[in-house]
Amino acid sequence: MIEADRLTKRFGAFTAISDVSFRVEPGEVVGFLGPNGAGKSTTMRILCGVFPPTSGHASVAGFDVATQSLQARQIVGYFPERVALYLDMTVREYLRYVAQMKGIASRSQASEIERVMTSCGVSHMAHRLIGTLSKGYRQRTGIAQAIIGRPKVLILDEPTSGLDPEQVAEMRHLIRGLKGESTVILSTHILSEVEATCDRVIIINKGRIVAVDTPAGLNHRLRAASQIHLEVVAAAADIQQRLAGLAGVARIEVGDSGHGTAIAQITATPDTDIRAVLAREVAAAGWGLLELRPVTLSLEDIFISLVHAEAGAQNHNEIPSRLSA
C-alpha cells in the first residue's frame, strides 16, 4: 500500500532524510519512531504530497506521490504535526468544508460528519467555534478531518499530543479500530502507544532508517538468548544447585529476596525454550512457584539501544575521515 524507495530530502545544505526505504502492507498499523529532528515529519510530508523528495521515489496505493500527487492525496487522510484549522468556523462547519473538499457525496456528508465527530468525541462541541476550543479538542477535530471519508491510508503525525490520559486511551482505541480498514502510519514519542496499537515499528535516526521490524522481532534481534525470570519459595543455594546443570541453561543468577523466597534470572542457550523444563523441575523439587515468565526488552529499551548504536557507528565512521583530513 505504501512504498518508500531511497527517499532523500535536502533543504539547501541540510539533508533531512537520506536513502529512506520501507514498505507498509495494506491494513497494517505501523509506528514511526525517532528523536526530535530525526526526519519523521519530513518523510510523512513527502508521502502526503506536501513536497517532493530531492531523490528517490514513494508511492501510495500504486500512485507516485510526486508525479501522481492528486491521485495519491485523494486516498490519504493526513493529520500533520501542527494541524491548521479555521478558527472562525464551528466544528461542524469545518468538517462539512473538509467533506466537500474530499468530494464526499452531498447525501452522505451529514452522516459521515456525525460518524467522525462521535468517533473523535467532539459531537458535543459541534456548534462551538474552533478558536474557542482547548488544544485537546482541536487535536480531536484534526483527527476527525483526517478520517472523514474513510481514507485507505492514514498518516498521523503526533495525533495524541495535547490530550489527557483518558483522551489518549480513547485515541488508541480509535486507531486500533481502524486496523484492517485503513493502512496507518503513526508517529509518536509515546512508546507505550506504539506497543499498544502497532503491528510493526520503523525507527529513524538522523535521517536514516535504523530498523524495521515487529516489537517482538526487534526484541529477539537485540537479545540473542532468551531469559527467564523465576521466583520460587526456596533457598537461593538450592535453586542454583538444582537448575544450573539443566540442559538448555547457559547461565543462572540467583538472589535471596527474603521472606523465604528467591529470584533467579536464567539465560537459555540460543533458540531454546526452557520454560516447561523449569516448571517441571520446580514441581519435582516441591518448591512453591510464584512467578515464571520470559524477560523481554521494552520498546523504550529497544529504541534507546538502536539509536545509541547508530550514533556510535556514525561516530566511528567519522574518525578516519577526520584523521585523513
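Select Gln-227 and look across to strand S14: the bridge partner there is Val-295. Keep in mind that this is a predicted model.

**The sheet around S11**

Now widen the selection to residues 227–233, which make up strand S11. Seven bridges join S11 to S14, and the two strands run antiparallel.

Show the neighbours next. The open sheet has four strands, in the order S12-S13-S11-S14. Pairing is antiparallel. Select 249–258 for S12 and 288–295 for S14; these two strands stand at the edges. Each has a single partner strand, so one side of each is left without a neighbour in the sheet. Look along the sheet for its twist, which averages 15 degrees from one strand to the next.

Move to Val-60. Which residue in S5 is its bridge partner? Select Phe-63 to see it. Strand S4, residues 55–60, pairs with S5 over two bridges, in the antiparallel sense.

Bring in the rest of this open sheet. Four strands follow the order S2-S1-S4-S5, and pairing is antiparallel. Strand S2 (14–24) and strand S5 (63–64) take the edges. Each of them has a single partner strand, so one side of each lacks a neighbour in the sheet.

Select residues 40–47 for helix H1, which packs on this sheet. H1 touches strand S1 (2–11), S2 and S4. The direction of H1 makes about 60 degrees with that of S2.

**The H5 and H6 pair**

Finish with two helices: H5 at residues 135–147 and H6 at residues 165–177. How are they oriented to each other? They pack at an angle of about 5 degrees, with axes 12 Å apart. Angles under 35 degrees count as roughly parallel, and H5 and H6 are therefore roughly parallel to each other.

Show side chains at the contact. From H5, pick Gly-136, Arg-140, Ile-143 and Ile-147. They meet Gln-167, Glu-170, Met-171 and Leu-174 of H6. Colour the contact residues by class: four are nonpolar, two polar and two charged.

Technical notes:
Residues are numbered from 1 along each chain as its sequence is written. This is a predicted model: local features need pLDDT of at least 70, side-chain atom pairs count only at pLDDT 80 or more; totals for chains, interfaces and linings use all residues. Side-chain values use heavy atoms; hydrogens and water are left out. Axes are lines fitted to C-alpha atoms, for helices over the stretch in contact, and angles run from 0 to 180 degrees between N-to-C directions. Angles under 35 degrees count as roughly parallel, over 145 as roughly antiparallel, 65 to 115 as roughly perpendicular and the rest as oblique. Contact means heavy atoms within 4.5 Å. Ala, Val, Leu, Ile, Met, Phe, Trp, Tyr, Cys and Pro count as nonpolar, Asp, Glu, Lys and Arg as charged, and the others, Gly among them, as polar. Two strands pair if DSSP finds at least two bridges between them.
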